[in-house]
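Hi,

Here is the structure I promised to pass on. Have a look first, and my notes follow below.

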Amino acid sequence: MTPSPDISVVVPVFDEEGAAPALAREIAAAFEGRNVEIIFVDDASRDGTRAGLQALKAELPQLRVLSHRRNSGQSRAIRSGVLAARAPVIVTLDGDGQNDPADGPALVDALNAGGPELALVGGERVKRQDSRAKKLASKLGNGVRKRLLGDAANDTGCGLKAFRREAFLRLPYFDHIHRYIPALMLREGYEVAFRPVGHRHRQTGASKYTNLGRLWASASDLLGVMWLQSRSRRPQGVDEV
């Protein structure tokens, strides 16, 4: 492995044996020429996801494969990957192949160009390749969340993000945090920005979420993040004297 990568790409996967190996190769191609490590976090898959990724390690020396002993959800898989990452800049994307890895380097460049106060550049999916019901539910949920949290994010469900590892680890952790990272970054006094990214049809496997399940989780999570915002007090900087 590279002693000190500049970028760690973190990909949570659960039962994605059909998508994960091809996605790993795409990520390696998208970041070719950059000092990068690729971390797939297998969230206790029941299929051949882990074996397929392990078989790729000889082909992709920058690939690391972590495995949860028990299924713990997408947010925990992301956190496990970030904790294990050795680079100061993290790129995340979904493991189903719908995010295009080719969009990742542009998000990293935008993050690096923004200065230390910019902690996150999130992707906003254009021409989404999802069902009409899923797009409608997402539009409604994003609208309510944006209005109540004031996070300026039109699409927090997009898994493709670039952010600073140190900033992420300052955030309070809870399940489903991946949908509230922009709001929590702002709560800590950081800046966030967004860039349009592509979106692709799912070629294999099935979605792990339902609209009803998202709604139930989002309602309680939204109230929790609103409470966190209400209890935030920032010193506007810290000086050593």
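Which residues have the most contacts inside the largest nonpolar core? They are Val-9, Val-11, Ile-27, Phe-31, Phe-40 and Val-91, in a core of 32 residues. By nonpolar core I mean buried Ala, Val, Leu, Ile, Met, Phe, Trp, Tyr and Cys residues joined through side-chain atoms within 4.5 Å, where buried is under 20% relative accessible area, exposed over 50% and partly exposed in between (1.4 Å probe, protein chains only). Helix 1 (20-30) gives the most to this core, with five residues. Helices (H or I, at least four residues) and strands (E, at least two) are DSSP runs, numbered from the N terminus.

Before you read on: this is a predicted model, so local features need pLDDT of at least 70 and side-chain atom pairs pLDDT 80 or more, while totals for chains, interfaces and linings use all residues. Residues are numbered from 1 along each chain as its sequence is written, and side-chain values use heavy atoms, without hydrogens and water.

Now Phe-40: beyond its neighbours within four places in sequence, its contacts (heavy atoms within 4.5 Å) include Val-11, Leu-23, Ile-27 and Leu-53.

Strand 4 is covered on both faces, with Val-89 and Val-91 buried on one side and Ile-90 and Thr-92 buried on the other. Strand 4 pairs (at least two DSSP bridges) with strand 1 in the parallel sense, over four bridges, and Ile-7 has Val-89 as its bridge partner. Strand 6 (residues 161-164) runs antiparallel to strand 4, also joined by four bridges, and there Ala-162 stands opposite Val-91.

Cheers
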